[in-house]
Amino acid sequence: MLADESIDVMRRLRVRHDEQVSHLPPGTSVLLFIRTGYTQKRPVRVSVTVFAGDRNRIVSTHGDPSIIAKFRPEEAPK
């Protein structure tokens, strides 16, 4: 069972081995979404997702969704 996780988001230029965005030419801006899961003893899972940097936005909401939805209705629970 995972005890915790971290999420890192960073931007860089696409390199040749970025298969998830192979339709983009090398040198195009991409977003890396890196998620690491930990147990009490060590990291146990890392997933890296590459997105086209000019076509995506990552939004993260923390807290009570009903309060946040008053100010960001697009994030209201469905």
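Where a compact globule of 78 residues would have a radius of gyration near 12 Å, the protein has 16 Å; the radius is taken over C-alpha atoms, and the globule rule is 2.2 Å times the number of residues to the power 0.38. The model is predicted, with local features needing pLDDT of at least 70 and side-chain atom pairs counting only at pLDDT 80 or more, while totals for chains, interfaces and linings use all residues. Residues are numbered from 1 along each chain as its sequence is written, and side-chain values use heavy atoms, with hydrogens and water left out.

**Overall form**

Along its principal axes, the C-alpha trace of the protein spans about 40 × 40 × 20 Å. The protein contains one helix and three strands, and from the N terminus on these elements run β-β-β-α; helices (H or I, at least four residues) and strands (E, at least two) are DSSP runs, numbered from the N terminus. Of the 78 residues, 19% count as buried, where buried means under 20% relative accessible area, exposed means over 50% and partly exposed lies in between, with a 1.4 Å probe and protein chains only.

The accessible surface comes to about 6,200 Å², and 55% of this surface belongs to carbon and sulfur atoms; the areas come from the Shrake-Rupley method with a 1.4 Å probe, and for residues only the protein chains shown count as cover. Among contacts in the protein with a separation of 6 or more, 40% are accounted for by residues 24 or more positions apart, a contact being heavy atoms within 4.5 Å. The protein has 13 positive and 9 negative side chains, and the centres of the two sets lie 3 Å apart. In this count Lys and Arg are positive and Asp and Glu negative, while His and the chain ends are not counted; the place of a charge is taken as NZ of Lys, CZ of Arg, CG of Asp or CD of Glu.

**Selected C-alpha separations**

| Residue pair | Distance along the chain | C-alpha to C-alpha |
|---|---|---|
| Val9 and Leu32 | 23 residues | 5.6 Å |
| Leu31 and Ile58 | 27 residues | 9.3 Å |
| Thr61 and Glu75 | 14 residues | 8.2 Å |
| Ala52 and Gly27 | 25 residues | 11 Å |

Val9 has its place in strand E1, and it counts as partly exposed because its relative accessibility is 45%. Not counting residues up to four places away in sequence, Val9 touches Leu32, Phe33 and Ile58.

Strand E2 covers residues 29–38 and includes Thr36; Leu31 also has its place in strand E2. Leu31 has a relative accessible area of 14% and is therefore buried. With neighbours within four places in sequence left aside, Leu31 is in contact with Met10, Arg11, Thr49, Val50, Phe51, Gly53, Asn56 and Ile58. Thr36, at 10% relative accessibility, likewise counts as buried, and beyond residues up to four places away in sequence it touches Asp4, Glu5, Ser6, Pro43, Arg45 and Val46.

**The loop between E1 and E2**

Thr28 is found in the loop between strand E1 (4–13) and E2, and because its relative accessibility is 18%, Thr28 counts as buried. The side chain of Thr28 reaches the backbone oxygen of Pro25 at 2.7 Å. Such a polar contact is a pair of N or O atoms within 3.5 Å; within protein, one must be able to donate a hydrogen and the other to accept it, and residues adjacent in sequence count only if both atoms are side-chain atoms. Leaving aside neighbours within four places in sequence, Thr28 is in contact with Arg12, Leu13 and Arg14.

Ala52 lies in strand E3 and counts as buried, at 7% relative accessibility. Its contacts, not counting residues up to four places away in sequence, are with Val21, Leu24, Ser29 and Val30.

Thr61 has its place in the loop between strand E3 (43–52) and helix H1 (65–71). At 37% relative accessibility, Thr61 counts as partly exposed, and with neighbours within four places in sequence left aside, Thr61 is in contact with Ile68 and Glu75.
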